[in-house]
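Here is a short report on charged pairs and a pocket. Look over the structure before reading on.

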Amino acid sequence: MKLSILIPAYRRPAGLAEILTRLTPQVAAHPGTEVIVVDNDPDASARAVAGGFGGVRYVHETRRGVVHARNRGIAEATGRHVIFLDDDEIPADGWLAAYAGQAANGVVACFGRIVPRFEAVPPPGLKTMLDALFSRDLGSVTGHDISRDWAALGTGNSMFDMAVCFPGGTPFDSRFNARGGEDSWMIRGLLARGIALTWNPEALVEEVVPTARMTLASIKRRKFNHGQIRVICAVGNGGAGAWLGAAAWMAAGAVQASLHGARYAALAVTGSPRRDDAAARLHAGLGKLFWWRAAQSFYAA
């Protein structure tokens, strides 16, 4: 069964080189697998790297935005199943075999495990939050239905049956180009069509976390954005039930913001390091309340 590995790339040539180095022996062990690098940098910074690896197909997508890059990869893929691998995710040994096994078993949509690889030692007060933000480990066994955990998932390190999941050919909505969350919206659509989501922990990657993302400001921005996406997905395409669901999330956000806002104020007075956790949770609540505000993209760092 043919597999297509899609790697959207944006100005991470060193990381891309490590990914392709790790993939080369794995792809050799699975003949027929194709690797497609979709370069979203106008300056084509991934071209030279991709050209240094035999069998890697390079595509230059000049329209800026992760949605365009992902949809272009889907358009270029020729495999029955597509595997998304972000350009900051380093696959472990056996990664491709884990996905090939799930594809052979007829799995339609599955998601692998992610652990962080920090470029520097995380600040002590932020490490727990950073671990949570850059990890995906649901603690379930291979093949377990994780549909109820859909909000904790994302497209990076995942596999989909093209014919079943993406019959329209452009599954990612361009409205999410700046804010991110295009994967959450897509996954929500799969669930609405009754497609089950499967856990595949043997498909392990390390997500490289640069120092620019290891700050409280970056964490708060991500938490706010995640809160927004949660309500946007609840709103969906409208309808009374959807708006009731959104109102419930906004109410939860109001409670969260009030509790953790008061907690932050108290901890800030005493100088407690726990104030950073309170600030992050406060911003998650504010994101749910102000879900309609324009997004602040965190993809530059």
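Predicted model: local features only at pLDDT ≥ 70, side-chain atom pairs only at ≥ 80, totals over all residues.

## Salt bridges

The structure holds 20 salt bridges. One of them pairs Arg57 with Glu76, with the closest N and O atoms 2.9 Å apart. Arg57 sits in strand S3 and Glu76 in helix H3, 19 residues apart. Arg57 is partly exposed at 30% relative accessibility. Glu76 is also partly exposed, at 23%.

Asp88 and Arg213 meet in another salt bridge, at 3.7 Å from N to O. Asp88 lies in the loop between strands S4 and S5, and Arg213 in the loop between strand S8 and helix H8, so the pair ties together parts 125 residues apart in sequence. Asp88 is buried at 7% relative accessibility. Arg213 is buried at 4%.

## Helix pairing and a network

Arg263 bridges to Asp277, with the closest N and O atoms 2.9 Å apart. Arg263 is in helix H9 and Asp277 in helix H10, so this pair ties together parts 14 residues apart in sequence. Arg263 is partly exposed at 28%.

Shared partners join Glu34, Arg57, Glu61, Arg63, Arg72 and Glu76 into one salt-bridge network.

## A buried lysine

Lys288 lies in helix H10. Lys288 is buried but has no salt bridge. The nearest side chain of opposite charge is Asp277, 13 Å away. What does the side chain of Lys288 contact? It makes a polar contact with the side chain of Gln256, at 2.9 Å.

## The second largest pocket

This pocket holds about 160 Å³ of space. Its lining includes Phe166, Trp185, Met186 and Arg193. Helix H7 gives the most to the lining, with four residues. The lining residues divide into seven nonpolar, four polar and one charged.

Key:
Residues numbered from 1 in each chain as written. Heavy atoms only, no water. 1 Å grid on protein atoms, 1.4 Å probe; cavity = no way out; pocket = protein on both sides within 12 Å on 5 of 7 lines; lining within 4 Å. Points joined across faces, edges and corners; volume = space filled by probe spheres on them. Helix = DSSP H or I, 4+ residues; strand = E, 2+ residues; numbered from the N terminus. Nonpolar A, V, L, I, M, F, W, Y, C, P; charged D, E, K, R; others polar. Buried < 20%, exposed > 50% of the residue type's maximum accessible area, 1.4 Å probe, protein only. Lys, Arg positive; Asp, Glu negative; His and termini not counted. Salt bridge = Lys/Arg side-chain N within 4 Å of Asp/Glu carboxyl O. Polar contact = N/O pair within 3.5 Å; in protein donor to acceptor, adjacent residues only side chain to side chain.
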